[in-house]
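Subject: The structure we talked about

Hi,

Here is the structure I promised to pass on to you. Have a look at it first, and then read my notes below.

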Amino acid sequence: MKAFLKKHLGMIIILAAFLLFVIGWLLIWGRVGKQMTQAAYRSVYETFSFDGAHYVQCDLQTAQAYLPDTDAVTEALCGEQLGELSFPSETGTVTCPLYACKALQDAGKKNAIVLLKQQDGIRTYELTGFQYLDKQTSIWAVCASYGIGYPDDIESVTVRDQDGSLLETITDKQTLSAFFDKLLKLGEDIGQEGIAQAYYDAYTEKFGKTDQVWLEDGTVKAENDTVYQEAMEYWTQDMRLVTIVLKNGLQLRDCIYAPVPGTFSVYGDYKITEPFFS
């Protein structure tokens, strides 16, 4: 036996090292695989659709845009139970109750914020859209879905620069009425190809037609990153982030107003017919 071990010691060491490597590899990838599986199950909680509306999980800061007096997400925020949602988990299907936000409900406002109750706590979700608007739509359909029928339905319009710094908050009734009129004139959603065309037209109007920038398959293409970055700096001049706060509790947050290409993204993408802001 000793002679055998001595004769084949090198091979035994190699096999032992290989075996340790395989075991280590299995342990590591077993752990990684488990973490990936757990992450996949956690991700199913990030978004859901309920009663024709789309919701996305949000943090406390986002919830405070609707609930400025709230400093923590607790069960005390839960109002009427709206229903139940089922999610896959490692142990099988998990059913969680969904609640309206009590503060909004008591104020007679819509479910802009809802809460999902789990064993480990409460998750907060923001309404971000409606299934009715998933296909190409119009500004009139957006307004109808969000309950914007008259200027008085708008509580305020907040305007920020592209870095998020506050520029103005519009609450004056006359100014809000003018905003509403311009909003309705946006018309039909121009879609991705329309947006690309608007950006391309703005570029060629400023710099002329060139081989460095062109339209291809409904997308603006550039010769290189430097050219594209220079074009982007031009397109985003005076860009604004606009939040429309409605009296019914809903908000159209961070809509993109881009005066250089003349587009306004309010759930969909639209061509500006006249300037909204000076």
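Let me start with a question: which residues does Thr 263 touch, not counting residues up to four places away in sequence? The list is Ile 190, Ile 195, Ala 198, Tyr 199, Ile 256, Tyr 257, Ala 258, Tyr 270 and Ile 272. Please keep in mind that this is a predicted model. Thr 263 has its place in strand E13. Its relative accessible area is 2%, and because buried means under 20%, Thr 263 counts as buried.

**The sheet**

E13 belongs to an open sheet of six strands, which follow one another in the order E8-E7-E11-E12-E13-E14 with antiparallel pairing. The edges are taken by strand E8 (166–170) and strand E14 (268–271); each has a single partner strand, so one side of each is left without a neighbour in the sheet. From one strand to the next, the twist averages 20°.

Helix H5 (residues 139–146) lies across E11, E12, strand E13 (263–266) and E14, and runs at about 155° to E12. Helix H6 (residues 173–184) lies across strand E7 (154–161), E8, E11 and E13, and its direction is at about 80° to E7.

**Helix H8**

Next comes helix H8 (residues 225–235), where Val 227, Ala 231, Tyr 234 and Trp 235 are buried. Looking down the axis of H8, you will find its buried residues within an arc of 95°, so they line one face of the helix. What covers them includes helix H7 (191–207), strand E9 (213–216) and strand E10 (219–222). Turned away from that buried side is the face of H8 with the exposed residues Asp 225 and Thr 226.

At the N-terminal end of H8 there is a cap: Asn 224 places a side-chain oxygen 3.1 Å from the backbone nitrogen of Thr 226.

**Aromatic pairs**

The count of aromatic pairs comes to 16. One of them joins Phe 48 and Tyr 55, a stacked pair with 5.4 Å centre to centre and 25° between the planes. Phe 48 is buried at a relative accessible area of 9%, and Tyr 55 is buried too, at 5%.

How are the rings of Tyr 203 and Phe 207 placed, and what kind of pair are they? Their centres are 4.8 Å apart and their planes stand at 40°, so this pair is tilted. Both residues lie in helix H7, four residues apart, which is about one turn of the helix.

Happy browsing, and do write back with any questions.

Best wishes

Terms used: Residues numbered from 1 in each chain as written. Predicted model: local features only at pLDDT ≥ 70, side-chain atom pairs only at ≥ 80, totals over all residues. Heavy atoms only, no water. Pairing = 2+ DSSP bridges. Helix = DSSP H or I, 4+ residues; strand = E, 2+ residues; numbered from the N terminus. Axes fitted to C-alpha atoms, helices over the stretch in contact; angles between N-to-C directions. Contact = heavy atoms within 4.5 Å. Buried < 20%, exposed > 50% of the residue type's maximum accessible area, 1.4 Å probe, protein only. Arc of directions from axis to C-beta. Polar contact = N/O pair within 3.5 Å; in protein donor to acceptor, adjacent residues only side chain to side chain. Phe/Tyr/Trp six-rings, centres within 6.5 Å; stacked < 30°, edge-to-face > 60°.
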